[in-house]
Amino acid sequence: MRATCWMGKKKVSVEQVPEPQILNARDAIVRVTATTICGSDLHLYNGFMPTMQKGDILGHEFMGEVVALGKAVTNLKVGDRVVVPFAIACGNCESCQLENYSCCENSNPTGWMPEKLMGHATCGCFGYSHLTGGFAGGQAEYVRVPFADFGPLKVPSTLTDKQVLFLSDILPTAFMGAEFCEINPKKVICVFGAGPVGQLAVASARALGAEKIIVVDRVPYRLKMAVEKAGATDVINYEDHPLHETLLDMTAGRGPDAIIEAVGMEAHSTGAQYIVDKTKQKLKLSMDRPIAVRDAILGCRSGGIVSILGVYAGFVDKFPLGSLMNRGLTIKTGQCHVHRYHEKLLRMIEEGKIDASFVATHEMNLDDAPKGYDMFMRKQDDVQKIILRS
Ligand code: NAD
Ligand code: ZN
Ligand code: ZN
């Protein structure tokens, strides 16, 4: 089959690889009908996530048709149309029982690696390095789905791919980030990053009742979409206006009640600190560029909530612990517990209460995945989400 493979920094190619097989009784094989490139994939593409190996199959946001089932999977049948959560969860362990699915204790066969780096193992994820199990990803014609009796969500034929595909990752992620903010109509919510995750965080905050939503980015077409399609009320282009001062001006000097950080380890910024952060990351003195987290902590109202959705790999420099502690902030974060939100979000989509399809700006053939990665990284042609089909 054809699959998008990581071949080194800024190098992906579509290769012929063996088709996946059922290995365990709880496996399914899914023929991928639609998959996308996520901002998280850019962290792999740009070489910032450790433990990638040449030939690893990429992709963690996908949907498809069940074509084979292990003996223990009785809730699905061949032919079912399913959306698959990027985080692999067993459904049985203590973390899964607590609905902390991205902390599943059974799904990461290389859990010893995150144990060393992060103190404990994380869950397994599709196509997301050997820290998260080294599972083959979904930017391929077929994929093996472990714990298929628990993860995949059956989706009705009345909904289009664009309406349901993002249930695999960015819609529940964004919704979780908004839910973290304990929204009520009086609260000012701010979203850092107007990429696909940021856009859906705005839409989720709206759906949860937020009335004032400020979006921060530097890419004009993304800020425009945040207002015109997602429901933001105000935007700040941090290249044109000083971020901290502008946030204070917009909030009677207090700062937003909650800030959702949807940027991640490759944050950009202006000024000398950015050069220091970039150099440190390059020299591996700091694994991430924590610029957006830093700005979110410093910008958030005292007693407020900082909701971190952006992906980070390890240890960072100049973390404003003093501001966080002295001003009583709460940080909430995590890889999304995708399964937790599936039923609720599917219902909201069916009832027209949330619609993520507006972020799907491009469609390409799987063979053009290398072009898609380059385009998404460079933010060309007003790109947000690229849907790949084989
Ligand atoms: P993206 O790269 O398309 O978007 C990021 C946006 O942030 C860009 O528009 C960029 O211009 C903007 N940006 C850069 N520096 C900034 C700054 N200092 N302040 C404000 N904006 C800034 O990516 P995406 O697909 O929207 O994903 C965003 C992040 O969410 C990534 O780190 C991704 O890995 C992460 N993510 C996390 C989860 C999860 O489960 N927690 C799931 C999906 C994605
Ligand atoms: Zn993702
Ligand atoms: Zn589990």
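User: Why are helices α5 and α12 called roughly perpendicular to each other?

Analyst: In this predicted model, the axes of α5 (residues 170-179) and α12 (residues 338-350) cross at roughly 95 degrees. Angles of 65 to 115 degrees count as roughly perpendicular, under 35 as roughly parallel, over 145 as roughly antiparallel and the rest as oblique, and α5 and α12 are therefore roughly perpendicular. The axes come within 9 Å; they are lines fitted to C-alpha atoms, for helices over the stretch in contact, with angles from 0 to 180 degrees between N-to-C directions.

User: Which residues of α5 meet α12?

Analyst: Leu-171, Pro-172, Phe-175, Met-176 and Glu-179 in α5 meet residues of α12 that include Tyr-341, Lys-344 and Ile-349. Contact means heavy atoms within 4.5 Å.

User: What makes the pair of His-43 and ligand 1 a polar contact?

Analyst: A polar contact is a pair of N or O atoms within 3.5 Å. A polar side-chain atom of His-43 lies 2.8 Å from an oxygen atom of ligand 1, so the pair falls within that limit. A polar backbone atom of Cys-336 is 2.7 Å from an oxygen atom of the ligand, and for a backbone N or O atom of Val-197 the distance is 3.0 Å.

User: How many residues surround ligand 1, and which element supplies the largest share?

Analyst: The shell holds 30 residues, each with a heavy atom within 4 Å of the ligand. Helix α1 supplies the largest share, four residues. The shell divides into 15 nonpolar, eleven polar and four charged residues.

User: Where is Asn-92 found?

Analyst: Asn-92 is in the loop between β7 (87-88) and α2 (94-97). Helices (H or I, at least four residues) and strands (E, at least two) are DSSP runs, numbered from the N terminus.

Residues are numbered from 1 along each chain as written, with chains lettered from A and ligands numbered from 1 in the order written. Local features need pLDDT of at least 70, side-chain atom pairs count only at pLDDT 80 or more, totals for chains, interfaces and linings use all residues, and side-chain values use heavy atoms, without hydrogens and water.

Notes:
A polar contact is a pair of N or O atoms within 3.5 Å; within protein, one must be able to donate a hydrogen and the other to accept it, and residues adjacent in sequence count only if both atoms are side-chain atoms. Ala, Val, Leu, Ile, Met, Phe, Trp, Tyr, Cys and Pro count as nonpolar, Asp, Glu, Lys and Arg as charged, and the others, Gly among them, as polar.
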